[in-house]
Amino acid sequence: EGADRAWIDDIFLPVAPDNSDAPGGSVDVARLQLTSSPNPFDEETRIVFTIPESGPARLDLLDAAGRNVRTLLERDLDAGRHEVALRRADLVLGVYFCHLRVAGASTTRKLVLLE
């Protein structure tokens, strides 16, 4: 009847560096910051992330099964704070994950789209 459920948020899983993304080095995963506000959201949320050094970055929106729904950003970025708007558009209600990869390191944040 749905009474036996648990929610797990803010899981941090260190990822071994993948040097194919960034030849010559990798970013310390602990120095990547990724947040969104508001979360949960209904029409729009602002995804804010900080990267410690310049380089190629990719920000993907994944569904609950881990499939890429859309790529929100894919380009070289300067070190520092960056912001991307995510609008509801054609998304269905539910749980999504925002996955940031920078220079062989990655981090993920859960997003919830409400009615």
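Modeller: A definition is needed for what follows: two strands pair if DSSP finds at least two bridges between them. By that criterion β2 and β5 pair, in the antiparallel sense, over 8 bridges. Please keep in mind that this is a predicted model.

Biologist: Which residue in β5 is the bridge partner of Ile-47?

Modeller: The bridge partner of Ile-47 in β5 is Val-84.

Biologist: What sheet do those strands belong to, and in what order do its strands stand?

Modeller: The order is β1-β2-β5, an open sheet of 3 strands with antiparallel pairing. The edges are taken by β1 (33–37) and β5; each has a single partner strand, so one side of each lacks a neighbour in the sheet. On average, neighbouring strands here are turned by 20° against each other, direction ignored.

Biologist: And the sheet of 4 strands, what is its order?

Modeller: That open sheet runs β4-β3-β6-β7, and its pairing is antiparallel. Its edge strands are β4 (68–77) and β7 (105–113), each pairing on one side only. The twist from one strand to the next averages 15°.

Biologist: How many bridges join β3 to β6, and how many join β6 to β7?

Modeller: Strand β3 (residues 55–63) and strand β6 (residues 94–102) are antiparallel and are joined by 7 bridges. One example is Asp-60, whose bridge partner in β6 is His-99. Between β6 and β7, also an antiparallel pair, there are 9 bridges. There, Arg-101 has Ser-106 in β7 as its bridge partner.

Biologist: Changing topic: how many residues are in the largest nonpolar core, and which strands supply it?

Modeller: That core has 23 residues. Ile-47, Phe-49, Leu-59, Leu-72, Leu-86 and Leu-111 have the most contacts inside it. At least two residues come from each of β2 (44–51), β3, β4, β5 (80–87), β6 and β7. The largest share, 4 residues, is supplied by β6. As general background, nonpolar side chains tend to be buried together in soluble globular proteins.

Biologist: What does Leu-86 touch, leaving aside its neighbours within four places in sequence?

Modeller: Its contacts include Ile-47, Leu-61, Leu-72, Leu-91 and Leu-111. Glu-43, Glu-44 and Arg-70 are also among them.

Biologist: Now Leu-34: is that residue buried or exposed?

Modeller: Leu-34 lies in strand β1. Its relative accessibility is 4%, and the limit for a buried residue is under 20%, so Leu-34 counts as buried. Beyond its neighbours within four places in sequence, Leu-34 is in contact with residues including Ile-47, Phe-49, Leu-59, Cys-98 and Leu-100.

Biologist: How far apart are the C-alpha atoms of Leu-34 and His-82?

Modeller: They are separated by 9.7 Å, while the two residues are 48 residues apart along the chain.

Biologist: What about Asp-63, buried or exposed?

Modeller: Asp-63, found in strand β3, counts as buried at 15% relative accessibility. A polar atom of its side chain lies 2.8 Å from the backbone nitrogen of Arg-67. Leaving aside neighbours within four places in sequence, Asp-63 contacts Val-69, Val-95, Tyr-96 and Phe-97.

Biologist: On to charges. How many salt bridges does the structure hold?

Modeller: It holds 9 salt bridges. One of them joins the side chains of Arg-88 and Glu-43, at 3.8 Å from N to O. This pair links distant parts of the chain: Arg-88 is in the loop between β5 and β6, and Glu-43 is in the loop between β1 and β2, 45 residues apart. Arg-88 is buried, with a relative accessible area of 19%.

Biologist: Which residue does Arg-87 meet in a salt bridge?

Modeller: The side chain of Arg-87 meets that of Glu-44, at 3.1 Å from N to O. Arg-87 lies in strand β5 and Glu-44 in strand β2, so the pair ties together parts 43 residues apart in sequence. Glu-44 counts as partly exposed, at 29% relative accessibility.

Biologist: And what distance separates Arg-81 and Glu-83 in their salt bridge?

Modeller: The N to O distance is 3.4 Å. Arg-81 is exposed, with a relative accessible area of 57%, whereas Glu-83 counts as partly exposed at 37% relative accessibility. Salt bridges with shared partners join Glu-44, Arg-46, Arg-81, Glu-83 and Arg-87 into one network.

Technical notes: Residues are numbered from 1 along each chain as its sequence is written. This is a predicted model: local features need pLDDT of at least 70, side-chain atom pairs count only at pLDDT 80 or more; totals for chains, interfaces and linings use all residues. Side-chain values use heavy atoms; hydrogens and water are left out. Axes are lines fitted to C-alpha atoms, for helices over the stretch in contact, and angles run from 0 to 180 degrees between N-to-C directions. A nonpolar core is a set of buried Ala, Val, Leu, Ile, Met, Phe, Trp, Tyr and Cys residues joined through side-chain atoms within 4.5 Å. Buried means under 20% relative accessible area, exposed over 50%, partly exposed in between (1.4 Å probe, protein chains only). Contact means heavy atoms within 4.5 Å. A polar contact is a pair of N or O atoms within 3.5 Å; within protein, one must be able to donate a hydrogen and the other to accept it, and residues adjacent in sequence count only if both atoms are side-chain atoms. A salt bridge is a side-chain nitrogen of Lys or Arg within 4 Å of a carboxyl oxygen of Asp or Glu.
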